[in-house]
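Notebook open, structure loaded. I'm jotting down what I looked up, one entry at a time.

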Amino acid sequence: MIPDLGIPHVAFHLPQRVDDVRDWGKRTRQKTATVQNLERAGMRYYRNANGQTAIGLAASAIQRLLLASGIAPREVDCIVYVHTLQGSVAPPPQSLPGLLCDRFGFTNAEAFSFAQQHCASALGALRVIRAMFIARPHMKRVLLVGADVMPLDSERLMEAEGILGDGAFAAFIERDAAVNRLLAIATHASGHGWQGVLANNDPRLAAQYFLAARSLIAQTIRQAHCTLNDIEHILPHHLDLPAWHRLLDSLQLPRERLFAENFARIGHVTVSDAFINLADCDGLVPGRPFLLFARGVGGFSAAALLVR
C-alpha cells in the first residue's frame, strides 16, 4: 500500500550577496549577446555564496526549518542530501549528511546522499523516499535537504538558458501530512545531453527536453487521475522562461499558472528551485493540485504532483 505522504514544512536559505547578470558578464568577459540571451531567458539577478560552503548553506536552511516547524532533531528518522555540483560535498573521508547529523543532533536518523540526476535530484529523491516509507511502516519523517555552491564565477553560465545561483533548501517529508500531499511522481532519463553544458548548444536537445517535459507532466497528471485544467500552479526550475511559456501554450494552460517570480530574482538554484518556489508561492489553494518540475543536465527530468 502506498502511504499518504506530504511536505508540511519547507525552508530555504540564500546568500546575502546579490549579483547582476550584466555585472557578471563584465567580470567574466562574456559577449554582449550572451548576457542578452540570459535576459531573454528571464535572468536578472542571482545569489553568490561569496566564500560560504555548501554545508554552511544547508545548515542555515535546516536551522530555519527546525525553528519554523518546532520539530526536535530526535524526531527525524532519515536525512537525504541532494546536490548537483561535485564540489558540494564534504572532503573524504567525511560525509556531508553525517556532518549535518553531528551538528544538529539527529541521533535517530539514517543519512545518505542522492545526486545522480543532477538538478532533478531533489524531486527524484522523492521516489526513493516514498519507497522507504512503503518498506518501513514505522518511519514517520524524512528530512530532505539540498545545497550547491559554484566556486568559479565564469562557470555559472547554463548556455543560453540561465545562470547558476547559490543556495539551499530543507523540507520535511512526513507520513499522513495534512498539507502539500504527494499525489504522483514521475521521472525521465535519457542518454541525450550526456556532455551537459560542455556541449555546443544543440537545438535538437532543446526540442527533446521540451517533448520530455510535456510527456512527463501529462504522465504525472494521469497517475493522479487528474486533468490539466485541475492544475492550479506549476512551480518550475528556473531555466529558459520563454520555453516554459511555449510549453504551457502547447498544453493549452494559461501562462499565469506558471509561478515565474523567482526567475529574475534568484536565477537557477540547481536542486532547490522547486522547493524555494513551494515556500514562496502564495497562490496555492487548499484542495487544488499543483505541480513541481525539475530538469538536470544529461537528460534527467522529474515531476511531482501535490495537493495543497
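**Asn50.** I started here: asparagine 50 counts as exposed, at 55% relative accessibility. My cut-offs are buried under 20% relative accessible area, exposed over 50% and partly exposed in between, with a 1.4 Å probe and protein chains only. Asparagine 50 sits in the loop between β3 (45-48) and α3, and it has a positive phi of about 55° although it is not a glycine. Helices here are DSSP runs of H or I with at least four residues, strands are runs of E with at least two, and both are numbered from the N terminus.

**Ground rules.** This is a predicted model, numbered from 1 along each chain as its sequence is written, and local features need pLDDT of at least 70. Side-chain atom pairs count only at pLDDT 80 or more, while totals for chains, interfaces and linings use all residues, and side-chain values use heavy atoms, with hydrogens and water left out.

Most residues other than glycine have a negative phi, and most peptide bonds are trans. I found arginine 29 in the loop between α1 (21-27) and α2 (32-40), exposed at a relative accessible area of 79%. Then I checked the peptide bond from proline 92 to proline 93, which is cis, with omega near 5°. Proline 93 belongs to the loop between β4 (78-82) and α4.

**α3 against α4.** How do the axes of α3 and α4 cross? I get roughly 45°, with the axes of α3 (residues 54-69) and α4 (residues 96-104) coming within 11 Å. The axes are lines fitted to C-alpha atoms, for helices over the stretch in contact, and angles run from 0 to 180 degrees between N-to-C directions. α3 and α4 are therefore oblique to each other; under 35 degrees would be roughly parallel, over 145 roughly antiparallel and 65 to 115 roughly perpendicular, with the rest oblique. From α3, Ile55, Ala58, Ala59, Ile62, Gln63 and Leu66 meet Leu96, Leu99, Leu100, Arg103 and Phe104 of α4, where contact means heavy atoms within 4.5 Å.

**Cores.** Which residues have the most contacts inside the largest nonpolar core? They are Val80, Val82, Leu144, Phe169 and Phe275, in a core of 42 residues. I count as a nonpolar core a set of buried Ala, Val, Leu, Ile, Met, Phe, Trp, Tyr and Cys residues joined through side-chain atoms within 4.5 Å. Helix α5 gives the largest share of this core, seven residues. A second, separate core has 29 residues, including Ala49, Ala54, Ala90 and Leu100. Next I looked up leucine 144: beyond four places in sequence, its contacts include Val80, Val82, Phe169 and Phe275.

**α9.** Six of the eight residues of α9 (residues 273-280) are buried, so this helix is largely enclosed by the rest of the structure. The buried ones are Asp273, Ala274, Phe275, Ile276, Asn277 and Leu278.

Glycine 124 is in α5 (residues 121-135) and is buried, with a relative accessible area of 4%. Leaving aside neighbours within four places, I see glycine 124 in contact with Phe114, Gln117, Thr187 and Ala302. Its C-alpha is 8.1 Å from that of alanine 186, 62 residues apart along the chain. Threonine 220, in α6 (residues 203-223), is buried at 0% relative accessibility. Among the residues that threonine 220 touches, beyond four places in sequence, are Ala186, Leu291 and Ala303.
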